[in-house]
Amino acid sequence: MPVPAPPAELDESPAARRREQRGWYFYDWANSAFYTTVISVFLGPYLIPVARSAACAQDFPGVPAERCSADFDTLIAANPGLGYVDVLGADIRPAAFFGLITTVAVFLQIVLLPIAGALADHTGRKRELLGGFAYVGALAAMGLFFVDGDRYMLGGVLFVLANLAYGCSIVVYDSFLPQISTPEERDGVSSRGWAIGYLGGGLLLALNLVLYLQHESLGLTEGESVRICMASAGLWWATFTIVPLLRLRNRPVPAHETTALRSVGGSFRQLGRTLSELRRYPLTLLFLVAYLVYNDGVQTVIGNSAAFASEALKLDKTVQITAILMVQFVAFFGALALGALARRIGTKRTVLASLVLWTAIVATAVFVREGEALQFYLMAFAIAIVLGGTQALSRSLFSQVIPKGREAEYFSLLQISDKGSAFIGSLTVTVALQLTNSYRIAIVSMVIFFVVGFVLLALTNLPKAIRAAGNEVPARI
């Protein structure tokens with residue numbers, strides 16, 4: 001019986017790595033369009049009126065649709081038992097619908113991201129998994145074009161599917177980084193991918209802003225232009241995903257790990273061992289909990305910013321889109337500024353200061369006047385200053401308090417937690433909207449996440465945590 005030939009060794013020369021790296025960058029360029037165009041700008045403000053139209057048709061059939069939508073709050077104030085939409089048998093306020101589907105999407109990510117990571121690590125089919133998740137998400141995003149009239153449930157299902165596929169694809173995408181770069185290259189490769197993602201997402205959003213502003217001259221209604229913009233994000237995602245699929249290469253894995261079922265079971269066992277080991281590093285665990293709490297607030301504020309602008313401030317989509325565009329570029333400089341500040345006063349103090357600023361920014365949501373675009377721009381500018389720095393410096397701190405040789409396990413735990421961290425925040429917003437029907441109160445409720453995160457981080461003895469992990473304490477931390 002012939003002996004099978006060993007698998008051919010991959011070319012890992014600098015030229016081959018650079019080729020893969022250039023392909024890898026393009027996936028950030030591809031998927032960031034979905035996050036900026038769909039999640040950050042268009043879907044929330046569009047889907048809430050769709051749900052409201054369904055509630056109007058159901059509960060106020062004698063009121064003209066346009067009048068019902070304009071006077072919806074007045075109508076439900078006069079008829080407190082009406083103005084709900086049905087979601088799997090539950091009565092949900094239209095204003096709370098987007099928060100509900102976001103909560104569902106995040107919860108499913110918490111459950112399924114470890115499985116995606118298991119399949120990526122143990123089957124050796126990362127490229128195929130990346131393409132599969134990407135195209136499921138892209139097709140679901142393109143399907144948002146058909147969400148009109150009262151099809152709020154179609155929009156909800158497509159968003160949950162696209163968001164889940166997006167999260168799974170990011171897990172697989174990130175897992176390529178150690179394979180396509182040496183330790184010396186990794187910071188630069190990761191940073192360039194992040195930067196190119198900002199550029200890609202911002203570019204498509206700028207093009208969509210032109211389409212939205214010119215929709216009348218193009219013979220489109222406002223709703224049609226929004227649906228085209230959301231579908232364009234899926235088309236962009238699908239088109240540019242071709243580049244990494246052509247450039248990235250699978251690496252061989254041990255034969256006994258290629259069975260998917262074994263891979264999933266082994267992954268969960270390893271995750272359990274990592275969680276159990278965290279008890280040996282209580283200060284590392286304390287920092288991780290602090291990060292999850294305040295990052296929950298960060299992600300929830302960003303995810304609900306467009307809906308806050310449209311529902312609480314009654315600002316049009318032009319203001320929302322231009323604010324997001326501004327955030328895309330200001331956040332880059334904000335991260336650099338906070339990094340420079342950390343070198344002067346220490347990383348922990350800088351993160352704590354950023355949390356104070358987050359608390360102040362969110363608290364001002366009560367005072368931003370309806371229709372005041374300038375006040376919203378100032379609020380968005382302040383968020384952009386602290387956004388990138390808070391997350392970048394937190395990641396830097398976490399790298400100091402984990403044991404050497406176990407970085408991948410601990411960062412995979414952080415990644416899973418980061419993708420699913422907005423669950424409680426989204427749930428808090430949903431409950432606040434369900435009880436008060438006020439986006440101002442919902443956004444201000446995020447203050448508690450920044451305050452609790454600040455306290456937990458302040459209580460973390462970082463030098464002691466770093467020494468306990470077996471690492472050298474930096475001169476300034």
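Trainee: How many helices and strands does the protein chain have?
Mentor: 21 helices and two strands. This is a predicted model, where local features need pLDDT of at least 70, side-chain atom pairs count only at pLDDT 80 or more, and totals for chains, interfaces and linings use all residues. Residues are numbered from 1 along each chain as its sequence is written, and side-chain values use heavy atoms, with hydrogens and water left out.

Trainee: What makes a run of residues a helix or a strand here?
Mentor: DSSP runs decide. A helix is a run of H or I with at least four residues, a strand is a run of E with at least two, and numbering starts from the N terminus.

Trainee: Why is Arg52 called buried?
Mentor: Set the value against the cut-offs. Buried means under 20% relative accessible area, exposed means over 50%, and partly exposed lies in between (1.4 Å probe, protein chains only). Arg52 has a relative accessible area of 12%, so it counts as buried. Its place is in helix α1.

Trainee: Which residues is Arg52 in contact with, leaving aside its neighbours within four places in sequence?
Mentor: Ser69, Phe72, Pro94 and Glu311. Contact means heavy atoms within 4.5 Å.

Trainee: Is Ser438 buried or exposed?
Mentor: Buried. Its relative accessibility is 19%, and the limit is under 20%. Ser438 is found in the loop between α18 (423-436) and α19 (439-444). Ser438 and Ala96 are 342 residues apart in sequence, yet their C-alpha atoms are 9.6 Å apart in space.

Trainee: What share of the protein chain do buried residues make up?
Mentor: 52% of the 477 residues.

Trainee: Why does Leu88 count as exposed?
Mentor: Its relative accessibility is 81%. The cut-off is over 50%, so Leu88 is exposed. Leu88 sits in the loop between β1 (85-87) and β2 (90-92). Its phi is near 55°, a positive value in a residue other than glycine.

Trainee: How does Lys314 count by accessibility?
Mentor: At 46%, Lys314 counts as partly exposed. Its phi is also positive, near 55°, and it is a residue other than glycine. Lys314 lies in the loop between α13 (305-311) and α14 (317-345).

Trainee: What makes a set of residues a nonpolar core?
Mentor: They must be buried Ala, Val, Leu, Ile, Met, Phe, Trp, Tyr or Cys residues, joined through side-chain atoms within 4.5 Å. The largest such core has 135 residues, and those with the most contacts inside it are Trp24, Phe42, Phe308, Trp358 and Phe450. α1 gives the largest share of this core, 20 residues. Beyond its neighbours within four places in sequence, Phe450 is in contact with residues including Tyr294, Leu355, Trp358 and Val362.

Trainee: How do you know which pairs to call salt bridges?
Mentor: Side chains of opposite charge can pair when their charged atoms come close. The rule asks for a side-chain nitrogen of Lys or Arg within 4 Å of a carboxyl oxygen of Asp or Glu. By this rule the count is five. Take Arg249 and Glu20, at 2.8 Å from N to O. The pair links distant parts of the chain, 229 residues apart: Arg249 is in the loop between α10 (242-247) and α11 (260-277), Glu20 in helix α1. Both residues are buried.

Trainee: Which residues are linked in a network of salt bridges?
Mentor: Glu20, Arg249 and Arg251.

Trainee: What is the N to O distance between Glu372 and Arg369?
Mentor: 3.7 Å. The limit is within 4 Å, so the pair qualifies. Glu372 is partly exposed, at 29%.

Trainee: What makes Arg151 and Asp148 a salt bridge?
Mentor: Their closest N and O atoms are 3.5 Å apart. Arg151 is partly exposed at 43%, and Asp148 is partly exposed at 28%.

Trainee: What makes a space a pocket?
Mentor: The grid has 1 Å spacing and covers the protein atoms alone; a pocket is an open set of points with protein on both sides within 12 Å along at least five of seven lines, whereas a cavity is a set where a 1.4 Å probe fits but cannot get out. Lining residues have an atom within 4 Å of a point.

Trainee: What is the volume of the second largest pocket?
Mentor: About 540 Å³. Points are joined across faces, edges and corners, and the volume is the space filled by probe spheres set on them. The lining has 19 residues, of which Pro45, Pro49, Ser69, Glu222 and Lys317 lie nearest the centre. Its largest share, six residues, comes from α1.
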